[in-house]
Amino acid sequence: MDGFGPDEAGVGGIAEEKYRALAYDTALSTLLAVALYVLVKVSLDGFRQWRARVSVLVVGSGPVGLTAALVAVRSGKVLKLTVLDERYRTAMLCRPQQIALDPRSVKFLLGLGVDFDNMEGCWHNEHFFTRIGVFQEYLLSILEQNKHKVDVKVQLGTKFTEEYLQRIPRSKWPRVIVVADGSCGDSCSVLGISSDYTVESCHAYGANATIERLDQRQVPTPEIRAHSLYFDLSAYGMEALRENRNTTVKPGFHLKIYGTFRNRCMALVCPASDTKTVRFLRQTPNSSIMKNIFHQSFNAYKTDIEPRLSDVTLHQMQCSRRLFEIQLSHRRISAAFIEGDNVAVIVEGEAARVLNFDTGFGVNLGMRGLESVGAFIYQTATAVDQNDILEALSAKMQHSRQLAETFKRTGLAESMYD
Ligand SMILES: Cc1cc2nc3c(=O)[nH]c(=O)nc-3n(C[C@H](O)[C@H](O)[C@H](O)COP(=O)(O)OP(=O)(O)OC[C@H]3O[C@@H](n4cnc5c(N)ncnc54)[C@H](O)[C@@H]3O)c2cc1C
């Protein structure tokens, strides 16, 4: 049997030990090199991400556009921000409607540094009520205050058009455009984005009314809600009262009175049903029935300190002629990438989704959409390649679809039924 002698075993052992030491050294230096590479890469990526800034253009200075501008400033990822509105300051700020910010919107705005103590308005049930113009003025002032952090340009009286875009040198085009030009804006078509909408039923019927009384005050006023209302339409040949009171499954109406005393608004809603009353109010050609319902409801539920509507003052009220189906229209394409120019576009507020019915709560739906804008700007600014931007746009689209879905399920309950 062959074997190693003691010397041979010693030489073999030393060689093995040397080999082990070499392997160990090699592994250690590879590990160190990898660790160094990772460290350098992470630091460089971190530095690149930290430094990454984009320029952003916000089209529309309504409550949603201005809040989007504030989100952009707060993201810390914006080098230059331009905010446009086709209206001049006075026209923009004198809009009469009052907005109601619900607790979720209030929390979101507090996170952006909005100080409600410094804004004319009133609180009721954790909701903040203010005039739309007051809210816009406040946001404009915060943007002004942030001019030292970000290059902010507010261009009022400037319409977003193809010519406007062409005037900007291609190299200076914004990387992100936020379209918030409201329900009548056409900026999406300027950008080549389809104006197809998906129209979906909210499974409810409604009607709106507005009362303009120039002798009344224009101060923020809490809303009033009333539930389970039934209307006696027997004077119009309808035995509705009996039908509705006899059963618990047939739902009554929900009424909301909101706005200032000068610009009072009303919304009347009932969940979709095929009761005699609903059918009657949906089909009647007699518009005075609806007017009468709003007239009586207003006088029954208004605050004690505001005047009643009389037959003499009834002409100050405009209202829907009959009940209609409440529908939510939302854009099929609410986020897009303009290839070649490398511009990411997102659509927000009523430009993205709008009801054919005023709940007195609409601005909150716009605020929900903005909840994903900060992350979107961050992802776009720090994107390594186009895929990252497409991913960010896809997440934005998904969020937008989700919002419409959630609104269909719970939106009316939150804004009217509860
Ligand atoms: C009568 C009435 C009563 C309402 N009451 C309430 C209420 O009580 N509570 C509530 O929460 N909500 C209420 N709303 C709804 C609320 O006003 C909207 O939800 C809100 O204004 C939508 O905000 P936005 O920023 O999306 O659009 P908008 O407020 O419509 O702003 C869009 C802006 O874009 C500008 N614009 C359009 N096209 C261009 C362009 N090409 N270039 C530059 N600028 C452009 C417009 O001038 C406008 O200033 C009411 C609405 C109405 C009509």
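Keep in mind that the model is predicted. The protein has 13 helices and 16 strands. Its radius of gyration is 30 Å, well over the 22 Å that the globule rule gives for 418 residues, so the protein is more spread out than a compact globule.

**Overall build**
- Along its principal axes, the C-alpha trace covers about 120 × 60 × 40 Å.
- Buried residues come to 36% of the 418 in the protein.
- Take the contacts with a separation of 6 or more, and 79% of them are between residues 24 or more positions apart.

**Around the ligand**
- The ligand has 35 residues around it, and the ones that come nearest are G60, G62, G182, G349 and G362.
- Helix 2 (63-75), strand 2 (78-85), strand 3 (98-101), strand 10 (253-259) and helix 11 (362-370) each give two or more residues to this shell.
- Sorted by class, the shell has 14 nonpolar, 14 polar and 7 charged residues.

**Helix 11, from the inside**
- Helix 11 is largely enclosed by the rest of the structure, because 9 of its 9 residues are buried.
- The buried residues run through G362, V363, N364, L365, G366, M367, R368, G369 and L370.

**Annotated transmembrane stretches**
- An unreviewed UniProt entry puts the feature "transmembrane region" at residues 21-40 and 52-73.
- In the model, residues 21-40 are 100% helix and 0% strand, with the end C-alpha atoms 28 Å apart.
- Residues 52-73 are 50% helix and 27% strand, and here the end C-alpha atoms lie 14 Å apart.

**A look at R321**
- You'll find R321 in the loop between strand 12 (317-319) and strand 13 (324-331).
- R321 counts as partly exposed because it has 14 C-beta neighbours inside 10 Å.
- Setting aside neighbours within four places in sequence, R321 is in contact with S287 and M290.
- R321 and L22 are 299 residues apart along the chain, and their C-alpha atoms are separated by 91 Å.

Terms used. Residues numbered from 1 in each chain as written. Predicted model: local features only at pLDDT ≥ 70, side-chain atom pairs only at ≥ 80, totals over all residues. Helix = DSSP H or I, 4+ residues; strand = E, 2+ residues; numbered from the N terminus. Rg over C-alpha atoms; globule rule 2.2 N^0.38 Å. Buried ≥ 20, exposed ≤ 12 C-beta atoms within 10 Å, placed from the backbone. Contact = placed C-beta atoms within 7 Å. Near = placed C-beta within 6 Å. Nonpolar A, V, L, I, M, F, W, Y, C, P; charged D, E, K, R; others polar. UniProt positions renumbered as here; feature names shortened; annotations may be inferred.
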